[in-house]
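Dear colleague,

Please find below the structure that I am handing over to you.

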Amino acid sequence: MARIVVTRPVMEEGLRPLFENGHQVEILDPDPEHPLDEDALIEAAREADALITMPSDPVTARVLENCPKLRIVAQHAVGYENIDLEAARARGIVVTHTPGVLTDATADFTFALLLALVRRVREADRYVREGHFKRWETKLLLGHDLRDKVLGIVGLGRIGSAVARRALGFGMRVVYYNRRPANPTIERQSCARYVSFDELLRTSDVISIHCPLNKESYHLFDRAAFAKMKPTAVLVNTARGPIVDEEALVEALEQGQIAGAALDVFEHEPRVHPALLRSDRVVLAPHLGSATVEARTAMARACAEAVLAVLNGEEKIPYRLV
Ligand code: DGY
């Protein structure tokens, strides 16, 4: 019987294969005000054979060194910038993540945020609740069409291309920027044209971020980037907060360099810049991209399957990074 530590409550149905195989599963529930730091993680996982982690858990070299029995870290997310992959590799610890199973949920939510922003759903809801709705009016809360607008996708991977396919249904034209052009099948399925980052900034009406956070993408959206965008353009971020320099975004909104933003992630999550909280030109969400019952259950199951594969000594480990 192996000891498996899960650092946050997840959809238990997804963990069922672990219970059925008789493993001991400990599910932590840290105080939201005090998320797990390195010491708390070591304390919790010192005796663990497997660890199921969240993006906010610091899985550093020090944590891995102090958990000598650990055979796998299964990240319950697609992003894994919180895990020291090199340290895991050096210690022979397998690392997996959960791409694929949350693609549609995240792409749907990207459009939910975008539509809420351009059709002013947040203001409309408040208008009705506050009792201002007296009659149908021709110029009340006008938004903008998506049809014939240019969507610029930064990062045409699984989620980016799912967003592109949805955009086609809305009659948008799609361009994208990656460090390297995407594989031709993804490009074809997305009907997306590869452009430079500069061209994407200058020509897009909507820019949606779907790249991972790494050294190259950190603050990719800085003052210089916002200065090149159309004053009518909007930015959607359902990827990672630090890809956007939040101070620069606030300035761009205040100076009218861009028209609005829809943000599911923040530079200093869970803290949100006070100017964003005040602004009527932004729509905000608490990192909900993959938050559907189906996706979150599948994420937990993908972690459980990876853990079992390692514990059973299988050759093929699903969604293996290291
Ligand atoms: C991810 O999968 O990386 C998300 O941000 C968490 O749902």
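The notes below go through the findings by region. Please bear in mind throughout that this is a predicted model.

Strands E1 and E2

Strand E1 covers residues 3–6 and strand E2 covers residues 24–27; the two pair in the parallel sense over four bridges. Within this pairing, Arg-3 stands opposite Gln-24 in E2. Between E1 and E2 the chain passes through helix H1, residues 12–20, and this β-α-β crossover is right-handed.

Strand E9 and its partners

Strand E9 comprises residues 206–209. Val-206 and Ser-208 point one way from E9, Ile-207 and Ile-209 point the other way, and all are buried. E9 runs parallel to E6, and four bridges join them. Leu-151 has Val-206 in E9 as its bridge partner. E9 also pairs in the parallel sense with strand E10, residues 234–237, over four bridges. Here the bridge partner of Ile-209 is Asn-237 in E10. With helix H10, residues 223–228, E9 and E10 make a right-handed β-α-β unit.

Helix H13

Helix H13 runs over residues 293–311, which gives 19 residues. From its first C-alpha to its last, H13 reaches 27 Å, close to the 27 Å expected at 1.5 Å a residue. Its buried residues include Ala-295, Arg-296, Met-299, Arg-301 and Cys-303. What do the buried residues of H13 pack against? They pack against E1, H1, strand E3 (50–53), strand E4 (72–75), strand E5 (94–96) and helix H5 (103–118). Just after H13, Gly-313 takes a positive phi of about 70 degrees.

Backbone features in the loops

Leu-141 is placed in the loop between helix H6 (121–129) and strand E6 (150–154). Is Leu-141 buried or exposed? Leu-141 counts as exposed because 11 other C-beta atoms lie within 10 Å, and the limit for exposed is 12 or fewer. His-287 lies in the loop between strand E12 (282–284) and H13. With 17 C-beta neighbours inside 10 Å, His-287 is partly exposed.

A cis peptide bond joins Glu-269 and Pro-270, with omega at about 5 degrees. Pro-270 is in the loop between strand E11 (260–263) and helix H12 (274–278).

Pro-181

Pro-181 belongs to the loop between strand E7 (173–177) and helix H8 (184–190). Why does Pro-181 count as partly exposed? Pro-181 has 13 other C-beta atoms within 10 Å, whereas a buried residue needs 20 or more and an exposed one has 12 or fewer, so Pro-181 falls in between. Leaving aside its neighbours within four places in sequence, Pro-181 is in contact with Glu-187 and Tyr-194. The C-alpha atoms of Pro-181 and Ser-196 are separated by 10.0 Å, and these residues are 15 apart along the chain.

The ligand

Which residues are found around the ligand? They are Pro-55, Ala-77, Val-78, Gly-79, Leu-102, Gly-289 and Ser-290. This shell divides into four nonpolar residues, three polar and no charged.

Yours sincerely

Notes:
Residues are numbered from 1 along each chain as its sequence is written. This is a predicted model: local features need pLDDT of at least 70, side-chain atom pairs count only at pLDDT 80 or more; totals for chains, interfaces and linings use all residues. A residue is near a molecule or strand if its C-beta atom, placed from the backbone, lies within 6 Å of it. Ala, Val, Leu, Ile, Met, Phe, Trp, Tyr, Cys and Pro count as nonpolar, Asp, Glu, Lys and Arg as charged, and the others, Gly among them, as polar. Two strands pair if DSSP finds at least two bridges between them. A crossover is right-handed if, with the strands pointing away from the viewer, the path from the first strand over the helix to the second runs clockwise. Two residues are in contact if their C-beta atoms, placed from the backbone, lie within 7 Å. The expected span of a helix is 1.5 Å times one less than its number of residues.
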